[in-house]
Amino acid sequence: MLIRNKYFPYPVIAKGNESYATATFTSDVDFEKNGYHVKFILKASTDNEGIKELIKSKKASYVHHIECVQTCYRHAVITEEEEEVFQIHQSKLNGAVQISTVIVANEDLIGYKNSDFSADYKGFSFNIKRGCLLAIGACVEIELNKQKDDLENTSSIFSIVPNLDPNETIINVDINSTKPKIVIRIPVKGCNIYKNLSTNLELQSIMHSMIIIPALVQVFDELKASRFELYNFSDCRWFKALTKACKNLKVELNEQSLENLDSYRTAQLLMDSPTMKALTYLAGGSDDED
Amino acid sequence: MRIKFITEEGLLAAKSNYPTIFKEVIKKKSADLPTLMNDNSIIRDSSIEVEEFSFDMSQDRPTATDVENIRRVYNHMKGLSESQASDERIWVAFTLHQGLDYMRYRWMPENEGDKFDRFFFKNAKHGYSKRPLFRNGVARLWWIGYHTYDAKRANPYELTEFVCRDQDYINNLLDIGFASNATISKAVIGALLDAEKNGVTINRDLVRAISQYVNLLGGIYILDCLSYDEIYSKIKEKIGF
């Protein structure tokens with residue numbers, strides 16, 4: 001849950017909110033895996049004496065709101081401590097976990113005032129109900145990708161599947177930000193041949209040249225066309241793996257570098273130039289020949 | 001029995017071939033999924049053991065079996081972790097294989113583009129969403145059970161029976177942000193149920209209004225810091241019973 005700064009009917013310490021003159025509220029989250037558990041180290045602190053006093057007297061608390069949408073997990077860690085460790089079994093979480101930190105009133109605060117209220121609020125007092133916000137800190141998003149990361153090799157960002165439509169004769173590529181891999185659909189007969197041949201390592205460079213390189217070119221062309229909206233792909237596993245592989249070639253997948261990217265060249269470099277190897281193999285030579 | 005799952009490759013292949021799967025597996029039943037995909041290992045056994053169960057398909061009106069099927073799925077598969085229960089591969093093995101007859105009974109598609117999201121997870125365009133958990137034909141049975149099962153009640157499925165009266169209740173009370181906190185969702189549904197017992201007529205308009213009201217409260221309070229009784233009281237006051 002992203003807790004935004006908005007217009008409140010009473011003063012709240014938040015970035016961009018000027019209802020307090022000098023008060024700040026900072027928060028941060030670290031995490032580490034601990035066997036089958038995920039350990040969150042939750043930090044929060046304010047320099048406002050009035051709020052600190054409320055926390056000390058348990059009239060307010062630091063609240064770390066932890067949410068994992070994918071597993072419907074939502075929990076509030078309520079504490080008076082500036083640093084709190086919260087441990088949770090990993091089976092409760094998967095994917096993105098959002099942690100928002102705030103300060104919340106633990107009881108109705110009648111006639112609340114603070115010496116650091118900005119000029120607009122100076123001299124006023126407020127009735128704040130239990131459960132209401134007093135300060136808004138950071139919202140941290142942590143990606144806990146528990147799925148086996150089998151996408152280290154460039155070719156494994158693709159999934160080659162049969163196209164069961166008997167009337168289909170062409171291979172097509174499905175580049176979709178909602179799928180973990182790029183799907184190459186081959187008419188069923190061709191797919192069976194591919195699956196048989198691809199187990200033969202000697203033929204791999206030919207398979208890569210015929211199937212993977214054109215698909216990779218299409219992927220780069222698609223990314224070039226979508227370079228202003230790359231955020232659409234940011235959560236997607238194949239895009240993360242491709243970005244990592246490109247980094248090894250010193251190619252950044254961002255708006256500027258995609259504009260002038262040579263798709264065909266980059267695709268060949270990423271796959272370690274399979275076409276030259278394939279031609280050499282077909283000419284009866286060995287891959288190792290120079 | 002061991003819970004089955006479809007391989008990741010198999011899942012991508014199946015999603016990419018929904019029109020053919022619709023025709024051959026769902027509509028005609030001329031082949032099962034592994035045969036159609038020419039891959040006997042596409043559906044595999046997981047390490048998760050559960051007691052064998054079947055789906056209730058006894059009613060003329062399939063929606064009338066929802067509560068009973070939630071009971072069966074959730075009672076037998078309560079041991080799944082939240083992470084496992086959010087894994088599409090488990091549920092697609094049900095919708096297209098073990099639970100295919102149930103899916104044909106409850107969610108028979110009309111054409112090759114229909115009800116994709118009942119057989120698979122239709123993922124959000126950006127980021128994560130819990131919507132697929134409440135749309136997939138079998139996953140929804142588990143997740144509705146998970147959110148509404150209340151062991152403290154004489155009938156632990158009392159809240160389930162309430163939300164299953166109308167798909168719109170499920171959308172507005174479960175497939176929504178605040179519902180991920182069981183204290184909040186149970187307080188809200190519990191208050192609606194008690195309002196009815198006190199003579200208030202419950203209908204879609206009221207349920208939607210209450211859902212909106214809870215969202216509104218979420219903009220003012222950190223609801224997760226409030227107790228069941230506090231949230232219940234706010235809903236009670238709003239409905240006026």
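**A helix pair in chain B**

Modeller: Helices α1(B) and α6(B) are oblique to each other, a class for angles that are not under 35 degrees (roughly parallel), over 145 (roughly antiparallel) or 65 to 115 (roughly perpendicular). Helix α1 of chain B covers residues 8–16 and helix α6 of chain B residues 88–98; they pack at an angle of about 55°, with their axes 10 Å apart. Axes are lines fitted to C-alpha atoms, for helices over the stretch in contact, and angles run from 0 to 180 degrees between N-to-C directions. Helices (H or I, at least four residues) and strands (E, at least two) are DSSP runs, numbered from the N terminus.

The crossing of α1(B) and α6(B) is left-handed, meaning that the near helix is turned anticlockwise from the far one by less than a right angle. On α1(B) the contact is made by B:E8, B:L11 and B:A14, and on α6(B) by B:E88, B:R89, B:V92 and B:L96; contact requires C-beta atoms, placed from the backbone, within 7 Å. By class, this contact has four nonpolar, no polar and three charged residues (Ala, Val, Leu, Ile, Met, Phe, Trp, Tyr, Cys and Pro count as nonpolar, Asp, Glu, Lys and Arg as charged, and the others, Gly among them, as polar).

This is a predicted model, in which local features need pLDDT of at least 70 and side-chain atom pairs pLDDT 80 or more, while totals for chains, interfaces and linings use all residues. Residues are numbered from 1 along each chain as its sequence is written, and chains are lettered from A and ligands numbered from 1 in the order in which they are written.

B:G79 lies in the loop between α4 (66–77) and α5 (82–85) of chain B. With 11 C-beta neighbours inside 10 Å, B:G79 counts as exposed (12 or fewer other C-beta atoms within 10 Å; buried is 20 or more, and partly exposed in between).

Key
Two residues are in contact if their C-beta atoms, placed from the backbone, lie within 7 Å.
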